Amino acid sequence: MEKKRCTAVVLAAGSGKRMGSGVAKQYMLLCGKPLIWYALHVIEQSSVIDDCILVTGAEDISYVENEIVKRYGFHKIDKVVEGGAERYDSVYHALQVIADGGTKVPNKDGYVFIHDGARPFLTEDILKRCYEEVQKSKACVAGMPVKDTIKIADREGYAAKTPERELVWQIQTPQVFHTPLITEAYHRLICEKERLASEGIKITDDAMAVEIFTDLRVKLVHGSYENIKITTLEDLAVAEAFLSRG
């Protein structure tokens, strides 16, 4: 089977609020390199990913182009685009570039790998597992079965339900979709986001857009327990421990 084009969308438009830092977390140094470098390096070396759209804050575009893309020689980064107020706005901006033919090579019938730039431990194995699955299912997300018992709370903070642990997964990125599927799902999401907000529905990941606006089920693919998202200073310490271990 001929390999279809795979475009990575890397989200790096967050702030450093929960890190207690004036520097956006994706540009904080982790063992001497910006946090965002690690995922971009894997993408640059990957046999799966063909090109990349990097989404960042409007005020950071020049810095990213010069101090990240050019400095580290990330040739697969096709575009650096401005993010939005919400995560789904940032993803939509990148998908619009793809849909409008704004990349050097079109990706009309390939796949889109959406990844959080604050997850530095992306691996080629995860990318390959996702690529193998998305060819069959058209929609898949990386994740891992939870290790702990999970409680669903009610509005008053009491335990209301205990789901079967074997059925509960902690969702990660990349989240991977057939290009026309995810572009259509996000188009409908943007058109209906006011209705969703009025109904109290919060879109927290890309799979939700597919789940709400299409009839397709999203397949879960094993990522890695080390594929953590850096959100707090404690997470940064864990990441440094992973790297020091090699």
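**Salt bridges, cores and helix packing in a predicted model**

Arg119 and Asp116 are both buried. In this predicted model, the two residues form a salt bridge, with 3.7 Å between the closest N and O atoms. For Asp116, the relative accessible area is 8%. Asp116 also meets the side chain of Arg87 in a salt bridge, at 3.4 Å from N to O. Arg87 belongs to helix α3 (residues 87-99) and Asp116 to strand β6 (residues 111-116), so this pair ties together parts that are 29 residues apart in sequence. Arg87 has a relative accessible area of 23% and is partly exposed. A network of salt bridges links Arg87, Asp116, Arg119 and Asp206.

The whole structure contains 12 salt bridges. One of them joins the side chains of Asp50 and Lys3, at 2.7 Å from N to O. Asp50 sits in the loop between α1 and β4 (51-56), and Lys3 in the segment before β1 (6-12), so the pair ties together parts that are 47 residues apart in sequence. Asp50 is partly exposed, at 28% relative accessibility. Lys3 is partly exposed as well, at 33%.

The largest nonpolar core holds 45 residues. Ile36, Leu40, Ile49, Leu54, Ile77, Phe113 and Cys130 have the most contacts inside this core. Helix α1 (residues 35-45) gives the most to the core, with seven residues. A second core is separate and has 30 residues, including Leu11, Val55, Ile98 and Leu181.

Phe113 has contacts in several parts of the sequence, neighbours within four places being left aside. Its partners are Cys6, Thr7, Ala8, Val9, Val48, Ile49, Leu127, Cys130, Tyr131, Pro174, Gln175 and Val176. Thr7 lies in strand β1. The relative accessible area of Thr7 is 0%, and the residue is buried. With neighbours within four places again left aside, Thr7 is in contact with Asp51, Ile53, Ile98, Asn107, Tyr111, Val112 and Phe113. Pro174 is placed in strand β10 (residues 169-178). The peptide bond leading from Thr173 to Pro174 is cis, and its omega is near 15 degrees.

Helix packing was examined for α5 and α6. Two packed helices are described by the angle between their axes and the distance between the axes. The axes of helix α5 (residues 179-198) and helix α6 (residues 206-213) come within 9 Å and cross at roughly 85 degrees. Helix α5 is therefore roughly perpendicular to α6, since angles of 65 to 115 degrees fall in that class. On the α5 side, the contact involves Leu181, Ile182, Ala185, Tyr186, Arg188, Leu189, Glu192, Arg195 and Leu196. On the α6 side, Asp206, Ala209, Val210 and Phe213 take part. By class, the contact has nine nonpolar, no polar and four charged residues. Asp206 is also a member of the salt-bridge network with Arg87, Asp116 and Arg119.

Backbone geometry was also considered. Cys31 is not a glycine, yet has a positive phi of about 55 degrees. Cys31 lies in the loop between β2 (29-30) and β3 (33-34). At 48% relative accessibility, Cys31 is partly exposed. Lys138, likewise not a glycine, has a positive phi of about 75 degrees. Lys138 is in the loop between α4 (124-137) and β7 (139-145). The relative accessible area of Lys138 is 42%, and the residue is partly exposed.

Technical notes:
Residues are numbered from 1 along each chain as its sequence is written. This is a predicted model: local features need pLDDT of at least 70, side-chain atom pairs count only at pLDDT 80 or more; totals for chains, interfaces and linings use all residues. Side-chain values use heavy atoms; hydrogens and water are left out. A nonpolar core is a set of buried Ala, Val, Leu, Ile, Met, Phe, Trp, Tyr and Cys residues joined through side-chain atoms within 4.5 Å. Buried means under 20% relative accessible area, exposed over 50%, partly exposed in between (1.4 Å probe, protein chains only). Helices (H or I, at least four residues) and strands (E, at least two) are DSSP runs, numbered from the N terminus. Contact means heavy atoms within 4.5 Å. A salt bridge is a side-chain nitrogen of Lys or Arg within 4 Å of a carboxyl oxygen of Asp or Glu. Axes are lines fitted to C-alpha atoms, for helices over the stretch in contact, and angles run from 0 to 180 degrees between N-to-C directions. Angles under 35 degrees count as roughly parallel, over 145 as roughly antiparallel, 65 to 115 as roughly perpendicular and the rest as oblique. Ala, Val, Leu, Ile, Met, Phe, Trp, Tyr, Cys and Pro count as nonpolar, Asp, Glu, Lys and Arg as charged, and the others, Gly among them, as polar.
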